[in-house]
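These are my notebook entries on a single protein chain. I looked up its overall dimensions, its strands, its disulfide and its aromatic contacts.

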Amino acid sequence: QVQLVESGGGWVQAGGSLRLSCAASGRTVSRFSMGWFRQAPGKEREFVATINWSGASTSYADSVKGRFTISRDSARNTVYLQMNGLKPEDTAVYYCAAVWRPTWPPSEYDYWGQGTQVTVSS
């Protein structure tokens with residue numbers, strides 16, 4: 001079983017940057033693909049980015065491509081989401097997720113964090 005805890009959310013002005021972290025515990029993240037999702041009020045959860053177990057492969061939603069970067073530090077069992085050029089429409093609760101040895105790209109995730117709020121002011 002994997003426990004995921006997000007951190008790094010907060011309030012930022014449009015055009016600013018934030019770096020989210022997701023710390024995993026309970027099981028090594030080795031061989032896990034990791035993902036970031038977000039959910040804005042009144043909207044469905046949407047995919048943001050994912051990274052495979054080795055970090056060699058990544059995938060991004062079109063809405064964040066070129067602005068967000070997902071990375072991982074397997075030694076620290078941590079995955080990051082660097083968010084640059086933030087826009088008001090990026091405002092959402094951001095969730096970290098994990099799945100063990102999925103096909104690429106993952107279609108489902110088995111473990112989820114509780115989320116961290118990101119608010120971008122215009």
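**Overall dimensions.** I compared the radius of gyration, taken over C-alpha atoms, with the globule rule of 2.2 Å times the number of residues to the power 0.38. For 122 residues a compact globule would have a radius near 14 Å, and the protein has 13 Å, which agrees. The C-alpha trace spans about 40 × 25 × 25 Å along its principal axes. I noted that this is a predicted model, in which local features need pLDDT of at least 70 and side-chain atom pairs count only at pLDDT 80 or more, whereas totals for chains, interfaces and linings use all residues. Residues are numbered from 1 along each chain as its sequence is written, and side-chain values use heavy atoms, with hydrogens and water left out.

**Burial.** I took buried as under 20% relative accessible area, exposed as over 50% and partly exposed as in between, with a 1.4 Å probe and protein chains only. Of the 122 residues, 43% count as buried.

**Strands.** I read helices (H or I, at least four residues) and strands (E, at least two) as DSSP runs numbered from the N terminus. The protein has 0 helices and 11 strands. I counted two strands as paired if DSSP finds at least two bridges between them. An open sheet of 4 strands has the order E1-E3-E8-E7, with antiparallel pairing. Its edge strands are E1 (3-7) and E7 (68-73), each of which pairs on one side only. Neighbouring strands of this sheet are turned by 15° against each other on average, direction ignored; the axes are lines fitted to C-alpha atoms, for helices over the stretch in contact, and angles run from 0 to 180 degrees between N-to-C directions.

I then looked at one pairing within the sheet. Strand E3 (residues 18-25) and strand E8 (residues 78-83) pair in the antiparallel sense over 6 bridges. Arg19 has Gln82 in E8 as its bridge partner. Arg19 also lies over the face of Tyr80, at 3.9 Å from the ring centre. For such a contact, NZ of Lys or CZ of Arg must be within 6 Å of the ring centre and within 35 degrees of the ring normal.

**Disulfide.** How many disulfides does a search of the whole structure find? With a disulfide defined as a pair of cysteine sulfur atoms within 2.5 Å, the search finds 1. Cys22 and Cys96 form it, with their sulfur atoms 2.1 Å apart. The pair links distant parts of the chain, Cys22 in strand E3 and Cys96 in strand E9 (residues 92-100), 74 residues apart. The torsion about the S-S bond is about -85°, so the disulfide is left-handed. Cys22 counts as buried at 1% relative accessibility, and Cys96 counts as buried at 0%.

**Aromatic pairs.** I paired rings of Phe, Tyr and Trp (its six-membered ring) if their centres lie within 6.5 Å; planes under 30 degrees apart count as stacked, over 60 as edge-to-face and the rest as tilted. The count comes to 5 aromatic pairs. One of them is Phe32 with Tyr111, whose ring centres are 6.2 Å apart and whose planes are at 55°, so the pair is tilted. Both Phe32 and Tyr111 are buried.

The rings of Phe37 and Phe47 have centres 5.7 Å apart and planes at 75°, so I recorded this pair as edge-to-face. Phe37 counts as buried at 8% relative accessibility, whereas Phe47 counts as partly exposed at 29%. Ring pairs link Phe37, Phe47, Tyr109 and Trp112 into a cluster. Arg45 lies over the face of Phe37, at 5.4 Å from the ring centre.
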